[in-house]
Amino acid sequence: MLITLTDSGEAPRLRAWLVRQGFEARSVQRGMGLLLADPWVPWEVRDALAADPAVACLDEVSEGPRRVLRQGPPAPPDPTWELGPVPVIAGPCAVEDPGAIREVAAFAASLGIGWLRGGTDKTRTRVDAFQGHGARAATWLHEAARAHGLRSITEVTDSPEAEAIAEAVDVVMVGARHMHASRHLQRIGRLGKPVVLKRGLAASPEEWLRAAEYLLDAGAPTVAFCERGSRAAHPLKRFTLDLGAVPFIREVSAFPVLVDPSHAAGYGPYVAPLARAAIAAGAHGVIVECHPDPARARSDALQALDFEALGRLVEEVVRLRAALTPEIPLAPRPLRPGSGATDKAGA
């Protein structure tokens, strides 16, 4: 972002104020401008700058994805993403048969969970791993969810059955492996369904936001971001969960943020601590994997919770969210022309 000044003598004061808000700026245009390298400047900061008489204009040098970025105070919550009193989406990694998914749906509903997840067309690393039952599984998932008053959600891949799978469920998901595939994002957006967009295995925040822009531009009515962990040099277990992404996306975007601790952990005992951390960081909800008998799960057995563990997780998450202090919206300090104060930035 480029800030054009009416008086070059105001540059030190404005630069010092920007530092206090967490932004670095360098002088350009012979001191008549300040250039911010960071394109993700919150609207509150933009408004404060626009109201200052020393600022002539704000130019978007590196324009962000405009459909995704928040342009004003938070709007009322989108009812599409209302998770209810229990901010948990739960279900098996893969929908294996109608009986098992009905059992999971019944137990999830008994805990107050309102959403049922399940993989129907699985993208696996190993070619000989269980790939899912496709559209049949999507039907089993939705019927189990509907029988217990739940909403159904599944990943839609680039398979020939993509449209049939999407038609069978309430919400579709773009998996981490497909986040960078722009043609796939456009195809998913044209389905006209709400989309949960998982972050790619090594995607930057900007790439994640711009992937959401593809979905919205193609026709998706709304998007939720889902952090699921990134590859690191030395992951503690499977992936490294980037909880710093949660407040960042909440600050710059109008859309909700979910966290998938199951895929980050890759190990059942780690899922609950990561879920608690996600809620504490400000996530709107968590997506976790559970199975009636994890030892017999055909996909990601090690990270699946049994019913007892899921019950404990729900209790902990609900208690934690109730105990959190209400959010304090970002309120940058007002600019104080001619204050004469000197800080670390030299103003």
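Predicted model: local features only at pLDDT ≥ 70, side-chain atom pairs only at ≥ 80, totals over all residues.

User: What makes β7 and β8 a pair of strands?

Analyst: Pairing requires at least two bridges found by DSSP. One of the contacts can be named by residue: Thr154 has Val172 in β8 as its bridge partner.

User: How do you know that β8 also pairs with β9?

Analyst: The reasoning rests on the cut-off of at least two bridges. Between β8 and strand β9 (residues 195-198) there are 3 bridges in the parallel sense, and therefore these strands count as paired. Here Val172 has Val195 in β9 as its bridge partner.

User: Which helices belong to the right-handed β-α-β units that include β8?

Analyst: Helix α5 (residues 162-168) forms such a unit with β7 and β8, while helix α6 (residues 182-189) forms one with β8 and β9.

User: Why is Pro39 called buried?

Analyst: Buried means a relative accessible area under 20%, and Pro39 has 14%, so the term applies. Pro39 is found in the loop between β3 (33-36) and α2 (43-50).

User: How far apart are the C-alpha atoms of Pro39 and Leu243?

Analyst: The C-alpha atoms of Pro39 and Leu243 are separated by 21 Å, and the two residues lie 204 residues apart along the chain.

Note on methods
Residues numbered from 1 in each chain as written. Heavy atoms only, no water. Helix = DSSP H or I, 4+ residues; strand = E, 2+ residues; numbered from the N terminus. Buried < 20%, exposed > 50% of the residue type's maximum accessible area, 1.4 Å probe, protein only. Right-handed = clockwise from strand over helix to strand, strands pointing away.
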